[in-house]
Amino acid sequence: MRVLILGSRGQLGTDLVHAFADCAVTPCTSEDMDITDDSLVQQRIAYTAPDLVINTAAFTRVDDCEREALRAFQVNALGPRHLALACKRWDIPLAHISTNYVFDGAKAGFYDEDDPARPLNTYGITKLAGEQYVQALWEKHYIIRVAGLFGLTPSRLKGTNFIEAMLRLGSKGTALRIVCDESLSPTYTADAAAVIRRLVDIGPYGVYHLANRGGCTWLEFAREIFAQAGMNVALEPVTAREYGAPAKRPANSCLATRKLEKIPGRGQLMV
């Protein structure tokens, strides 16, 4: 199987390249193909002739999306549109990675795939638009919502991930202000990549949630990071409002993975 992986140097993209190592993988970065350019997308996919396209490329800096809304829409919405049209033209399944931030956080429990999406910020709005383009334009799609990704490879766009940021900041010996009223499902990218590999092999098309089991606040996540690292770091709980980030985040964006769990032989997510 020939697989084109977009965003191949990012956290998830790097692990996807490893997960599909037994295939003929074409890794692709933004320098190789700008997904906001429709003609370039068409040309590159025609030239590569893959059997599967996986799109992890996105503008993921949530606060910057508020300031650069046009760029966020071009990358997160129009990019998936161009990919869906190209994949439809050559009859290629498309696996598109989306986000837990399509939800507003008002639900008390974990979010299912069928819960209504009501994003609170530009990042979530543009990612939802990307989902909708893919769903409307090409039936052979996997839309895979992930949450709180962390891995051995830093986020290429952000230059770090939450764990690396905590370890770096915690080593400075000063107290850290960590948000205590936003919950999510932290997810290891190697686990996510392994499940995506299994899903595209045996699963039906559709929308899926993919996350490690359970959920926690950013504060609880930070405490566990320092506990496992053996570091004694003072943490100051703050609310999201007190923290004052430009973009509003959902208070709860934990994901349930019930659709994945119904697929026979899907493999297990690590816990």
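Which elements do the buried residues of α8 pack against? Keep that one in mind while you get set up. What you're looking at is a predicted model.

**Stop one: helix α8**

Select residues 218-229. That's helix α8, with twelve residues, and from its first C-alpha to its last it reaches 16 Å, close to the 16 Å expected at 1.5 Å a residue. Now highlight Trp218, Leu219, Phe221, Ala222, Ile225 and Phe226, which are buried in α8. These residues cover an arc of only 160° around the axis, so they sit on the same side of α8.

Back to the opening question: the buried residues of α8 pack against β6 (149-150), α6 (162-170), β7 (176-179), β8 (183-184), β11 (216-217) and β12 (235-238). Color those stretches to see the neighbors of the helix.

Time to show the strands. Six of them make up an open sheet with parallel pairing, and the order to trace is β2-β1-β3-β4-β5-β10. At the edges are β2 (24-28) and β10 (206-209), each pairing on one side only. Look along the sheet for its twist, which averages 20° from one strand to the next.

Zoom in on β1, residues 2-6. Five bridges join β1 to β2, and the two run parallel. Pick out Ile5 here: opposite it, in β2, stands Pro27.

**Stop three: helices on the sheet**

Select residues 11-19 for helix α1. It lies across β1, β2, β3 (52-55) and β4 (94-99), running at about 165° to β1. Then select residues 189-202, helix α7, which also packs on the sheet: it touches β3, β4, β5 (141-146) and β10, and its direction makes about 155° with that of β5.

**Last stop: Asn55**

Go to strand β3 and find Asn55. Is Asn55 buried or exposed? It's buried, with a relative accessible area of 0%. Show its side chain and you'll see it reach the backbone nitrogen of Ala57 at 3.1 Å. To see what surrounds Asn55, leave aside residues up to four places away in sequence and display the others it touches: Leu6, Ile35, Pro80, Leu83, Leu94, Ala95, His96 and Ile97.

Notes
Residues numbered from 1 in each chain as written. Predicted model: local features only at pLDDT ≥ 70, side-chain atom pairs only at ≥ 80, totals over all residues. Heavy atoms only, no water. Helix = DSSP H or I, 4+ residues; strand = E, 2+ residues; numbered from the N terminus. Expected span 1.5 Å × (residues − 1). Buried < 20%, exposed > 50% of the residue type's maximum accessible area, 1.4 Å probe, protein only. Arc of directions from axis to C-beta. Contact = heavy atoms within 4.5 Å. Pairing = 2+ DSSP bridges. Axes fitted to C-alpha atoms, helices over the stretch in contact; angles between N-to-C directions. Polar contact = N/O pair within 3.5 Å; in protein donor to acceptor, adjacent residues only side chain to side chain.
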